[in-house]
Amino acid sequence: MGVITDVRVRQPAKDDLVGRRFLVAGVGNGFEGTIGIRVLDGRGRVLAEDSAQSTGGMAAVGEFSTRVTVSSPPRDGTRLTVQVFGDNPGLPDEGPSPGFNLREVEVIMFADLQGWLLYRVERGDTLTAIVRKVRDFTRTTVAQVVAANPRITDPDVIGVGQRLRIPVKG
């Protein structure tokens, strides 16, 4: 009987905002049901490693979840890559490294993230004005708002009705 393996990441999603500790969940399988997880910075350096156990055990695809902690997080607004894969036991001829069915998800880290405000741009708003408006709720900068919203390509151009994520930090 052939065994089918696969890995799918359900959380986090592309461009999600994450804190220093965040949930990684999905469905999949790996060697003896182990799912490997790594968090990489923009240079490919490993910032965190963890694993999760698939509910499918060693022979079936099943759900998995775990919380990953980045003990030395980069500066707020940094883009990171979360790698999730069927764990490789590390033997020389047993599959690709870091493991089977590698999936990658880009996220945006704010180390002390508590959540975010969803702000709808109004006529006359600028990013500087928005940062001032939300100052009672969070201390954030224009650069951090731009980092949290990848669809902003020019900080001087935002549209009425556009929804912006404003990071709320602890």
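Visitor: What makes K133 and E122 a salt bridge?

Guide: The closest N and O atoms of K133 and E122 are 3.4 Å apart. A salt bridge is a side-chain nitrogen of Lys or Arg within 4 Å of a carboxyl oxygen of Asp or Glu. So the pair K133 and E122 counts as one. This is a predicted model, where local features need pLDDT of at least 70, side-chain atom pairs count only at pLDDT 80 or more, and totals for chains, interfaces and linings use all residues. Residues are numbered from 1 along each chain as its sequence is written, and side-chain values use heavy atoms, with hydrogens and water left out.

Visitor: Which parts does the pair K133 and E122 tie together?

Guide: K133 lies in helix α1 (residues 127-133), and E122 in the loop between β9 (113-120) and α1, so the parts tied together are 11 residues apart in sequence. Helices (H or I, at least four residues) and strands (E, at least two) are DSSP runs, numbered from the N terminus.

Visitor: Why is D41 called buried?

Guide: Buried means under 20% relative accessible area, exposed over 50%, partly exposed in between (1.4 Å probe, protein chains only). D41 has 11%, so D41 is buried. Its salt-bridge partner is R45, with the closest N and O atoms 2.8 Å apart. R45 has 49% relative accessibility, so R45 counts as partly exposed.

Visitor: How do you know that K169 and D76 form a salt bridge?

Guide: Their closest N and O atoms are 3.7 Å apart. That is within the 4 Å limit. K169 sits in strand β10 (residues 163-169) and D76 in the loop between β6 and β7 (78-87), 93 residues apart. The whole structure has 10 salt bridges.

Visitor: What makes β3 and β6 a pair?

Guide: Two strands pair if DSSP finds at least two bridges between them. Strand β3 (residues 21-28) and β6 share eight bridges, in the antiparallel sense. So β3 and β6 pair. In β6, V68 is the bridge partner of F22.

Visitor: Why are β1 and β6 called edges?

Guide: The open sheet has three strands in the order β1-β3-β6, with antiparallel pairing. β1 (7-11) and β6 (62-69) each have a single partner strand, so one side of each is left without a neighbour in the sheet.
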